[in-house]
Amino acid sequence: MKNFSMPAALAAVGTVFCGTAAIAQDEDTSLDDRVNDIFSDSTGWFVNLVFSEFPGTDFPWIVGWLVVGAVVFSIYFGFLQFRVIGHSLALVRGQYSDPNDAGEVSHFQALATALSGTVGLGNIAGVAVAIGIGGPGAIFWMIFAGLLGMATKFTECTLGVKYRNEYADGRVSGGPMYYLAKGFEERGLPGGKILAVLFSIFCILGAFGGGNMFQANQAHQQISGVVGDFPGWITGLVLAGFVFAVTIGGIKSIARVTEKIVPFMGILYVGTALIIIAMNYELIGWAFGQIFAGAFTGLGVAGGFVGALIQGFQRAAFSNEAGVGSAAIAHSAVKTNEPITEGYVALLEPFVDTVVVCTMTALVIIITQQLITDPDTGLYVLNEAGDAVRTIDDNTGVGLTSAAFGSNISWFPYILVIAVVLFAFSTMITWSYYGLKAWTFLFGEGETKEIIFKVIFCVFVVIGAAAQLGPVIDFSDAAIFSMAVVNIIGLYFLMPIVKRELTSYASRLKSGEIKKFQ
Amino acid sequence: MSGKFVVGFDDSAPARRALDFAVERVRAQGGTIVLAHVLEWSPYSFLSPEELEERHKRRREEMERAKKAITDSVVAELEKAGLSVETEIRYGKTPEILSRIAKEKDAVQIVIGREGQSSFGARVFGSVAGALVQTAPVPCTIVP
């Protein structure tokens, strides 16, 4: 094989690909159209219902639902997210973990895995969209909503651990479907099973959509933005191959490599953002001024300060998934005898995701002055359509983030592409697990049943990357937020149980019954 | 003087030399051998959600495997020779765990073997022996 000519082989492969690509693209278009038609006809009502707005406003009620939930939990637990951060960090550092439990899942590991499911495209692309439409003021409301969301995460993850299943063979798993079913039964309330089944159905749909097709689609857009346009099914097949290898082939090494690179990418991303902010230190005060002024006046953005508020709330809710119930699945495997400790740890998640990572993206975009202002009035200039702030080169979404980073560090957009692809991949792996857990809750465990789900999941990777399936993406987003409808109803009924756990734990911590190990 | 000798043990030749050394001392002066096997583990490693679910199960399997493959036969051999033996299989960083076991058991000494070469790797990353002598609560013997 030594004399095998690589360039010739590549050229041959290239020709074949280009040939099939042209055909596939034709087919894609017609397939797209057909799938779109079927989907919008049968699911349009559902999407419209979930994303419908309060009468006379642009405010989607689902965002209101999440924010109201976060406010209720914050008040009910006495704004504990602002009081217990120190203890949360001590728990993450293992100071309250029994050394004899070494080798079991630590608080840090549960948190890191849950974070790898939420930190992703939302933090990079979504924030840019929010700023583009709502201006810098959106950031104020995003942080505000992120801080409130910490209480929601606390509630759901405590319940996730409390009502998890510990199987005879030693596996541990849980999530909303289990706490809805078991928690309602324990309180003698009807309907827990129904909520659990509904949650599972939405979770499976959300896993195929937002946790899969959307990720594959955005990853492809990023890659083709750098190497030039090429058919999406190629990206889809490669990604699906990796997902297949990890979930069905059981090739743990790929997952392990990703799990190691993703946190590194996250740190690199935040680190670079900090460097850019430091390089423009004289503008930090001005940037915060813009954020505060924009939060209450809008500074000329479409929809005024209400527009900023809606964008901020929406971005926080979409990004940290507080209330959706997904993270409770990842958190429930932790080794602890006190469910409340995982709640303490989980509340750090919206903080890291929204208050730290999203804010970094936002600050870089603001500080590098990607948004165009009118020098006379200081207000933001709208684009031609009048629905968003005009940006340099008319960038939006990931393009805006990329341009902001690239304006100070020219090579960073390339790193960003790698980061986006890796974030997308790790989100897919995490969501394939969430979906699988919901699937086995509905259909029972069994190798064949699980493989069926995993194969369907891989097929959706290819579809997601290959096509622009607007209605499908809308539908999957709607499914993810329907999880939140079911989950938060459940949380309202189950929050007294969390309160009882909290009171008992807090008093034992105070009396010294719960001790530090190190 | 009799007492407990904690021996850092795996199925390597240096570990065997360390054990032989400890056995000689126990034969001469009495005491107990504490066979300590450490499974390297960091609570800060990253796991996939599936690995989280299976962690407890895997841990149980790994400990059973270590007991069967590494310590069981040696324990039988030492007991047959009329020596008193205890076993500890734990997760963590080797120097830290050996020190902790020595403290808990009120041991008189820790005995470990070493690979021999003062390699470049040991200089860069530090060695178990190096870390142990810095932190051990009791005298240590490093058997070459």
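Helices, taken as DSSP runs of H or I with at least four residues, are numbered from the N terminus, and in this predicted model A:Val105 is placed in the loop between α3 (85-92) and α4 (107-118) of chain A. Because A:Val105 has 25 C-beta neighbours inside 10 Å, it counts as buried, the threshold for that class being 20 or more. Leaving aside residues up to four places away in sequence, A:Val105 touches A:Ala110, A:Ala333, A:Val334 and A:Lys335, together with B:Leu52 and B:Arg55 of chain B.

The contact between the chains takes 25 residues from chain A and 21 residues from chain B. On the side of chain A that touches chain B, at least two residues each are supplied by α4, β2 (172-173), α10 (252-279) and α17 (412-443) of chain A, and the largest share, five residues, comes from α4(A). Sorted by class, this side of chain A has 12 nonpolar, eight polar and five charged residues.

Elsewhere in chain A, helix α11 (residues 284-297) comprises 14 residues, which at 1.5 Å a residue should span 20 Å, and the distance of 20 Å between its end C-alpha atoms agrees with this expectation. The buried residues of α11(A) are A:Ala287, A:Gln290, A:Ile291, A:Gly294 and A:Ala295; seen down the helix axis, they fall within an arc of 125° and therefore line one face of α11(A). These buried residues pack against α6 (137-162), α12 (304-320) and α15 (348-367) of chain A, whereas A:Gly285 and A:Gly289, on the other side of α11(A), are exposed. The helix is followed by A:Gly298, for which phi is positive, near 85°.

In chain B, five strands form an open sheet with parallel pairing, in the order β3-β2-β1-β4-β5. Its edge strands, each of which pairs on one side only, are β3 (84-92) and β5 (140-143) of chain B, and neighbouring strands of the sheet are turned by 25° against each other on average, direction ignored. Strand β4 (residues 109-113) of chain B pairs with β5(B) in the parallel sense over four bridges, and B:Gly113 has B:Val143 in β5(B) as its bridge partner. Across β4 and β5 of chain B lies helix α5 (residues 128-135) of chain B, which runs at about 170° to β4(B).

How values were computed. Residues numbered from 1 in each chain as written. Chains lettered and ligands numbered in written order. Predicted model: local features only at pLDDT ≥ 70, side-chain atom pairs only at ≥ 80, totals over all residues. Buried ≥ 20, exposed ≤ 12 C-beta atoms within 10 Å, placed from the backbone. Contact = placed C-beta atoms within 7 Å. Expected span 1.5 Å × (residues − 1). Arc of directions from axis to C-beta. Nonpolar A, V, L, I, M, F, W, Y, C, P; charged D, E, K, R; others polar. Pairing = 2+ DSSP bridges. Axes fitted to C-alpha atoms, helices over the stretch in contact; angles between N-to-C directions.
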